Amino acid sequence: MSRVARVKATTGPAAASAERRAQANYTGGVYGSMLAASVVIGAGSLGSFPRTELVLLLLLTGVVFWVAHVHAQLFGARLAQQALDRRVVLHVCRDEWPIVKATVPPAAAVAVSPLLGLDVRGALWLALCVAVAGQVGWSVAAARRAGASPRLMAATASVNLVLGLLIISMKIVLKH
């Protein structure tokens, strides 16, 4: 029996709904962090205001993917299962919001990079490292929330770190 099914069976639909939201938060956080990292590696040529452009690129890409996920949830899986009303739409929007939230720390890293004395290239690397750290952090938080053993939490951290290092290696190969 899945964790959501166990929660629903023992505490009712409200607790099961809260559990699904928590899972969506972690999934969206990992996904959004990976998305932010991929945006950073793809940001090769920025214009006259590179930091501002990168901050906007990170945040707007998060919003675009959030809208895509909301649309897919509402008009894919949900439409066949239940009628759409305001409550359902708001519920799906809230569940998918962590995708956008996960792009905020890398964008903030770019925004504060001048205070750290970093040039644009340094800002890109800082944002990439923050995104990978977020990816690892979200995955460990999900494992912990699910009651995983320390060994399993270390495994999920390792897998996500390897994925992050693959993204970083793409940045090195692309040499922007």
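Guide: The model is a predicted one. Its largest nonpolar core has 18 residues, and V40, L54, L58, V110 and L128 are those with the most contacts inside it. Two or more residues of this core come from each of α2 (13-42), α3 (50-81), α6 (104-112), α7 (120-145) and α8 (150-174). A second, separate core has seven residues, including W66, V70, V88 and V92.

Leaving aside residues up to four places away in sequence, V110 touches R51, L54, V55, L58, A123 and A127.

Two packed helices are described by the angle between their axes and the distance between the axes. For α6 and α7, the axes come within 8 Å and cross at roughly 155 degrees. Because angles over 145 degrees count as roughly antiparallel, α6 is roughly antiparallel to α7. Their crossing is right-handed. On the α6 side, P105, P106, A109 and V110 meet A123, L126, A127, V130 and A131 of α7. This contact consists of nine nonpolar residues, with no polar and no charged ones.

The axes of α7 and α8 also come within 8 Å, and cross at roughly 160 degrees. The angle therefore makes α7 roughly antiparallel to α8. Here, too, the crossing is right-handed. Among the residues making the contact are L124, W125, L128 and V132 of α7, together with M153, T156, A157 and N160 of α8. By class, the contact of α7 with α8 has 14 nonpolar, five polar and two charged residues.

Methods. Residues numbered from 1 in each chain as written. Predicted model: local features only at pLDDT ≥ 70, side-chain atom pairs only at ≥ 80, totals over all residues. Heavy atoms only, no water. Core = buried A, V, L, I, M, F, W, Y, C linked by side-chain atoms within 4.5 Å. Buried < 20%, exposed > 50% of the residue type's maximum accessible area, 1.4 Å probe, protein only. Helix = DSSP H or I, 4+ residues; strand = E, 2+ residues; numbered from the N terminus. Contact = heavy atoms within 4.5 Å. Axes fitted to C-alpha atoms, helices over the stretch in contact; angles between N-to-C directions. Parallel < 35°, antiparallel > 145°, perpendicular 65-115°, else oblique. Left-handed = near helix turned anticlockwise from the far one by under 90°. Nonpolar A, V, L, I, M, F, W, Y, C, P; charged D, E, K, R; others polar.
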